[in-house]
Amino acid sequence: PKYLNGERDMNKMQSPPAAKTWIDGVEFDYFCGTGYFALHGHSDLIAASCAATQQYGIGAGTSRTGLTDHPVFLDLEAKAAEFFETEAAHYYVSGYLGNTLLLKGLAPDYDVIFVDSEAHYSVRDGVAVVGKPSVSFAHGDPDALQHALEKTLKPGQRPLLITDGIFPTSGKLAPLPDYHQILSNYDDALMCVDDAHAMGVLGEKGQGTLEYWGIQGEGRYSSGTLSKAFDGHGGIIAGNQKLIDRVISKGASPVPLGAAAASAKALDIVMQQPQMRKQLWDNAVYAKNAFRSLGFTDIPDTPVPIICLSGEGIDLETIQQKLFSKGIAVLYVPGGSYTSAPAQGAIRVAIFSTHTRAQIDRMLAEVSGLI
């Protein structure tokens, strides 16, 4: 942000987020945000949104637990169930609420919550709302989870682990296979994953981190959003009908109908074009390998399209500003300002499936000249 007369004056976007985005009248190579398939400005999404708004109006105007439901929502949920290969799905106003809905819906099935210390704010809020005993364990540390379970659980108590699947600043994956193995030693243990950054992105079918690690199944649950990889709006939980009936009963306001229709169209596109996901993985791996060659060695070797650049003695904020002056937009995250941000801060680079190698190479060359 800039400051004029003491007032914060943000740079203003003038086109949909995409690999090339207009900001303050200048076209930028855009490596910010979470629109991993750059669908925000897709003509089919816009047409679907306009058609639904013209036919039905702005909103449903009633709770979904009342006398009627809406065909736009039902269509989206049917497509989400198809995408995730589940019996049913529940669509709600914001992905932020997903962890709360899961924790409330599953409440009869667990006694103590174990939560990663760097879990997203939405996870922490969900834990606070449900009001059950909770224990924080060291970030991404299976041994710390094991110790917390052994120290805390009393005979007969059932644990629930909750964590991000992909951490939003560091881009690191939670070690879910290790957690899965540890929890298998406890009867009726549950795992919940905030998969906001993984749905549509990870796994051969794009079903998220549980698919990626091959640990889908009973007692393993996830919530996510259609506002990131799908570039739509609203949260999604997919699962068997029993789970969906339980989370629906916990309530959530409906999504504006135009946004819901656009989100349904995005599900269609991502299902029908798996090559977009393959291109995203290729771009992410290409960029990560190149950044490692510049000395950023703490970058996980995964297809996650989030790259965290950090290090002692590097003026990250100045690098971000100089890149911006050259028409390259990346995000500077001060230390401690967001979950999973390194103490010394970071530059967060978001890779899209639509970025060209020329764009990635230009960014790399500019960063190389600034470190």
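**Salt bridges in the predicted model**

Glu-366 counts as partly exposed, because its relative accessibility is 23%. In this predicted model, the side chain of Glu-366 meets that of Lys-326 in a salt bridge, with an N to O distance of 3.9 Å. Glu-366 belongs to helix α12 (residues 357–368), whereas Lys-326 sits in the loop between α11 (316–325) and β13 (328–329), so this pair ties together parts that are 40 residues apart in sequence. Lys-326, at 41% relative accessibility, is also partly exposed.

The contact is one of 12 salt bridges found in a search of the whole structure. Another joins Asp-298 to Lys-172, whose closest N and O atoms are 3.4 Å apart. Here two loops are involved: Asp-298 lies between α10 (275–293) and β12 (306–309), and Lys-172 between β8 (159–164) and α6 (176–183), so the bridge ties together parts 126 residues apart in sequence. Asp-298 counts as exposed, with 56% relative accessibility, while Lys-172 is partly exposed at 32%.

A further pair is found within a single helix. Lys-79 and Asp-75 both lie in helix α2 (residues 71–84), 4 residues apart, or about one turn of the helix. Their salt bridge brings the closest N and O atoms to 3.3 Å from each other. Lys-79 counts as buried, since its relative accessibility of 17% falls under the 20% limit; Asp-75, at 35%, is partly exposed. These two residues also take part in a network of salt bridges that links Asp-75, Lys-79, Lys-265 and Asp-268.

Terms used. Residues numbered from 1 in each chain as written. Predicted model: local features only at pLDDT ≥ 70, side-chain atom pairs only at ≥ 80, totals over all residues. Heavy atoms only, no water. Salt bridge = Lys/Arg side-chain N within 4 Å of Asp/Glu carboxyl O. Buried < 20%, exposed > 50% of the residue type's maximum accessible area, 1.4 Å probe, protein only.
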